[in-house]
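Visitor: I would like to go through this model with you and ask, term by term, what each label rests on. Please set each value against its definition before you conclude.

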Amino acid sequence: MLGMCRGRRKFLVATLALLFIPALTWLYLSVGSFQVKPLPLSPLEAQSAPVGGAGERQALELRVRAVEEENRALRRELSRPPRSPSARLQSAGHRGNQSRTHSEEGTGDNEGQKAAAAGNSSDCVQQPAVDKCETIHVAIVCAGYNASRDVVTLVKSVLFHRRNPLHFHFITDSIAQQILSSLFHTWMVPAVRVDFYDADELKSEVSWIPNKHYSGIYGLMKLVLTKTLPSDLQKVIVLDTDITFATDIAELWAVFHKFKGQQVLGLVENQSDWYLGNLWKNHRPWPALGRGFNTGVILLLLDRLRKLRWEQMWRLTAERELMSMLSTSLADQDIFNAVIKQNPFLVHQLPCFWNVQLSDHTRSEKCYKDVSDLKVIHWNSPKKLRVKNKHVEFFRNLYLTFLEYDGNLLRRELFGCPSEADHNSENLMPRPLNRLKVSLVRTFQPAHSSVGLQDNLSVSSVLQKTLSELDEDDPCYEFRRERFTVHRTHLYFLHYEYEPSSDNTDVTLVAQLSMDRLQMLEAICKHWEGPISLALYLSDAEAQQFLRYAQGSEVLMSRGNVGYHIVYKEGQFYPVNLLRNVAMRQVNTPYMFLSDIDFLPMYGLYEYLRKSVVQLDMSNTKKALVVPAFETLRYRLSYPKSKAELLSQLDMGTLFTFRYHVWTKGHAPTNFAKWRTATTPYRVQWEADFEPYVMVRRDSPEYDRRFVGFGWNKVAHIMELDAQEYEFVVLPNAYMIHMPHAPSFDITKFRSNKQYRVCLKTLKEEFQQNMSRRYGFAALKYMTAENNS
């Protein structure tokens, strides 16, 4: 109380002085201006008087200026934050969060800010602590199908706000590596580099630690980042996959400048009572400093950690604590906190807004009541978006914004920043610009393997150059451009688990679809029990609708052998052949049945095709097994369970041969009249416009990407099979039925737009010319057949 009274007294005296000095100066000037002048005693005195008055006035003006400077200095002193601890508490009470937010955000270097303020006589001037083109390094542990899907939302939120080049370091299992390498490669975000480190090679480093946390062994791998990441990498931001950024990650990177002394870890205090041990009776957590720290967001000074022998430090601590604790409950977080408890000088505590934790027992409400500018949201409850929190709708909406955000819009270039030289540019170039390959480059780091995807600007520049060579005045420019469009692709959007049979006869059904055919999935799964590879053409928002649909379907969730591969929408055409190729590339069985989503295969077709593989010696011959196609106009069909039943419905007019009334040539070579009585497979010859549904070996040629939308997409593929001397064999006891649906947008354009049909004809002619160049004299029959048809 005495200190507070003295402080108030000083404040009162200073205020009075501030008011009194100007008043005294004004009075002094006023009196000086109206003083009575004495009569001159002599001519000499009369002449000298004006000179003396001017000198007095000049001296008085100098004095006034000096007093004004003192007043300014006094005002500046009073405007500065008080120095004493009690005054700091008063200031915090008056100014609240604003001063704290400004001191911690942005560049974040308090000492630098004070120096700049002193040098420029302004408290508002801040020098940026992160250069415009400085690369920010981010490390993430990601394993499995679900985590690979969840981490995309984190990446979107980072890319949305970022202004700096980014280098992601993913510690992944083989599944996540396959998914994320394909995703980033087709995403082609400028100024982003991605490296992968094999988590399986790191398991031996942490497998000796029993862990009860749902993250399993992967939840311990942040402990070995000093050993895993490149030895020349000095600092890195480490994030959990369930993080959402609401600000530029450069602000967090700038906090490294605040580290002092031996501080090597930047962490936010844990926002629950877990480490206080009072959540339930007999609750015994690992040792922690006070409330402990959450490791969902970590700033690591790797070079200093290595000098401090971090590996030995955490291992000794873990071994000692495990003797009594037996296992970890919160994975790496328990061990980090135990180390900090022993060595509190290691940690630099970050403001709570860098990790607002939405766990079940969270006290995070205290943080965001105090801080209006939240930076990072952490969904660290096993319930994720379903966590109990009275403000969860606010946070959920922020998360959903990035979840459904169009990732194509994040392909923004960072102007003014030079791109890295891409030593892998030859491997990243399209082949021939119709398929991007991921280049796997192993670096010889101890205990890890790395896969590098270099700066995508080089690939982007190649594509831009190719597109610039196209004639924009060409009426078919949009068709030609589509061939070179790189569609962002997320493989295995849902969990997939299937090992092909050991007899080398296994077959995968391949198909593609868009949102309007989603209702066919359950029916196909009921008809085909074997593995399925599906490419879905969806927007980011539609992908989330599909996820909810699939997770709500007992039929789909009971099937682990269906691979769902999302190809994100871009452009005005439906890239049907690209979708087929994406699905074909993910087939892991020796054979594949190339179907369409509108067809239901007969019951038992999967086993029938496997038997046909053996009977027709598919492994040693180039055959395409034709499955005859039929159609119905009825939405409710009693599906025929045998060939005899199908023939009966065919005779009754319930079924028809596929497209017999609008496109007879497409399936006429199947010879349905012969099929009715056939009991053994029979060979048919290729004819113009033939487009059957076939089973082929996995190494068969892909579909030609130039054909998009409606028209000639399957015809060109069958022509390619024939040119490669595949033998077309019709199966006598196999069939499939096309189910009715509304006309697609692309067929509507084909029928109504003359230019669409003209461009399709042009593409056909160009394809045939390419066939002639590739296959020589043997390809002349395709030109002749087309002219005669």
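Guide: Let us begin with the cysteines: with bonded cysteines counted along the chain, the disulfides follow the pattern 1-4, 2-3, 5-6. This is a predicted model, in which local features need pLDDT of at least 70 and side-chain atom pairs count only at pLDDT 80 or more, while totals for chains, interfaces and linings use all residues. Residues are numbered from 1 along each chain as its sequence is written, and side-chain values use heavy atoms, with hydrogens and water left out.

Visitor: Why is the pair Cys133 and Cys417 called a disulfide?

Guide: A disulfide is a pair of cysteine sulfur atoms within 2.5 Å, and the sulfur atoms of Cys133 and Cys417 are 2.1 Å apart, so the pair meets the definition. In general terms, such a link is a covalent bond between the sulfur atoms of two cysteines. The torsion about the S-S bond of Cys133 and Cys417 is about -90°, and the disulfide is therefore left-handed.

Visitor: What makes this pair a link between distant parts of the chain?

Guide: Cys133 and Cys417 are 284 residues apart. Cys133 sits in the loop between helix H5 (110-120) and strand S1 (136-142), whereas Cys417 sits in the loop between helix H15 (392-403) and helix H16 (425-428). The helices (H or I, at least four residues) and strands (E, at least two) are DSSP runs, numbered from the N terminus.

Visitor: How do you know whether Cys133 is buried, partly exposed or exposed, and what is the case for Cys417?

Guide: Buried means under 20% relative accessible area, exposed means over 50%, and partly exposed lies in between, with a 1.4 Å probe and protein chains only. Cys133 has a relative accessible area of 30%, so Cys133 is partly exposed, while Cys417, with 13%, is buried.

Visitor: Which cysteines form the other disulfides, and how do you know?

Guide: The sulfur atoms of Cys352 and Cys367 are 2.1 Å apart, and Cys476 is joined to Cys759 with an S to S distance of 2.2 Å. The link of Cys352 and Cys367 is right-handed, with 85° about the S-S bond, and that of Cys476 and Cys759 is left-handed, with -95°. Cys352 lies in the loop between strand S8 (347-350) and strand S9 (356-357) and Cys367 in helix H14 (residues 365-370), so this pair ties together parts that are 15 residues apart in sequence. Cys352 is partly exposed, with a relative accessible area of 25%, whereas Cys367, with 6%, is buried. Both Cys476 and Cys759 are buried.

Visitor: Why is helix H6 called roughly perpendicular to H15?

Guide: The axes of helix H6 (residues 144-161) and H15 come within 8 Å and cross at roughly 85°. Axes are lines fitted to C-alpha atoms, for helices over the stretch in contact, and angles run from 0 to 180 degrees between N-to-C directions. Angles under 35 degrees count as roughly parallel, over 145 as roughly antiparallel, 65 to 115 as roughly perpendicular and the rest as oblique, and H6 is therefore roughly perpendicular to H15. Thr153, Lys156, Ser157, Phe160 and His161 of H6 make the contact (heavy atoms within 4.5 Å) with Tyr399, Phe402 and Leu403 of H15.

Visitor: What makes a group of residues a nonpolar core, and which residues have the most contacts inside the largest one?

Guide: A nonpolar core is a set of buried Ala, Val, Leu, Ile, Met, Phe, Trp, Tyr and Cys residues joined through side-chain atoms within 4.5 Å. The largest such core has 113 residues, and those with the most contacts inside it are Leu534, Phe546 and Phe593. Apart from this core lies another, of 100 residues, among them Tyr197, Val236, Ala254 and Ile340. In soluble globular proteins, nonpolar side chains tend to be buried together.
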